[in-house]
Amino acid sequence: MSFRRSLSWSAALRDLRADRTAVAAPATLAERVARQQAREESVRAYREARAALARASAQPLASAAGYDRRAIMNLAVAVVREQMAAVTGRSTAP
């Protein structure tokens, strides 16, 4: 027995086109403005977090009297907020 497989190029190409991911329609002006504002807000939050980290880093963590727990905690909070702003775009939890 001889089996021949037939191939319909039009059907194959139609199936390929159907398998492609659909491209989303262009965003409306309101969506683009909202996205731009969100980007600007995340940049602002990151800059503020970096500034707070710089201020906390400038404080001495220890003195002759011992460790300054307040300065250590301020630095720890500033580090976490900077990392959160870098990853999520917000310096505090939602």
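Student: Leaving aside its neighbours within four places in sequence, which residues is Glu82 in contact with?
Tutor: Once the neighbours within four places in sequence are set aside, Glu82 is in contact with Tyr46, Ala49, Arg50 and Leu53. Keep in mind that this is a predicted model, and that Glu82 itself sits in helix α3, which covers residues 69-88.

Student: Is Glu82 buried or exposed?
Tutor: Glu82 is buried, because its relative accessible area is 11% and the cut-off for buried is under 20%.

Student: And Leu53, where is that one?
Tutor: Leu53 belongs to helix α2, and with a relative accessible area of 15% it counts as buried too.

Student: Which residues of α2 are buried?
Tutor: The buried residues of α2 are Ala45, Ala49, Leu53 and Ala56, and these residues pack against α3.

Student: Let's switch to α2 as a whole. How many residues does it have, and how far does it reach?
Tutor: Helix α2 runs over residues 29-58, which is 30 residues, and it reaches 44 Å from its first C-alpha to its last, close to the 44 Å expected at 1.5 Å a residue.

Student: Where do Arg35 and Arg44 come in, and are they buried or partly exposed?
Tutor: Arg35 lies in helix α2 and is partly exposed, with a relative accessible area of 48%. Arg44 is found in helix α2 as well, and it is also partly exposed, at 37%.

Student: How far apart are the C-alpha atoms if I pair Arg35 with Thr21, and Arg44 with Arg90?
Tutor: For Arg35 and Thr21, which are 14 residues apart along the chain, the C-alpha separation is 23 Å. For Arg44 and Arg90, which are 46 residues apart along the chain, the C-alpha separation is 9.1 Å.

Student: OK, zooming out, what pattern does the chain follow?
Tutor: Reading along the sequence, you find the pattern α-α-β-β-α, which is made up of three helices and two strands. The radius of gyration is 28 Å, well over the 12 Å that the globule rule gives for 94 residues, so the chain is more spread out than a compact globule. Along its principal axes, the C-alpha trace spans about 95 × 45 × 20 Å.

Student: How many of the residues are buried, as a percentage?
Tutor: Buried residues make up 12% of the 94 residues in the chain. The accessible surface comes to about 8,400 Å², and 57% of that belongs to carbon and sulfur atoms.

Student: Last topic: how many positive and negative side chains are there?
Tutor: The chain carries 16 positive and 8 negative side chains, and the centres of these two sets lie 5 Å apart.

Student: And what share of the contacts between residues at least 6 apart in sequence join residues at least 24 apart?
Tutor: Among those contacts, 42% join residues that are at least 24 apart in sequence.

Note on methods
Residues numbered from 1 in each chain as written. Predicted model: local features only at pLDDT ≥ 70, side-chain atom pairs only at ≥ 80, totals over all residues. Heavy atoms only, no water. Helix = DSSP H or I, 4+ residues; strand = E, 2+ residues; numbered from the N terminus. Buried < 20%, exposed > 50% of the residue type's maximum accessible area, 1.4 Å probe, protein only. Contact = heavy atoms within 4.5 Å. Rg over C-alpha atoms; globule rule 2.2 N^0.38 Å. Areas by Shrake-Rupley, 256 points an atom, 1.4 Å probe, with all protein chains shown as cover. Lys, Arg positive; Asp, Glu negative; His and termini not counted. Charge placed at Lys NZ, Arg CZ, Asp CG, Glu CD. Expected span 1.5 Å × (residues − 1).
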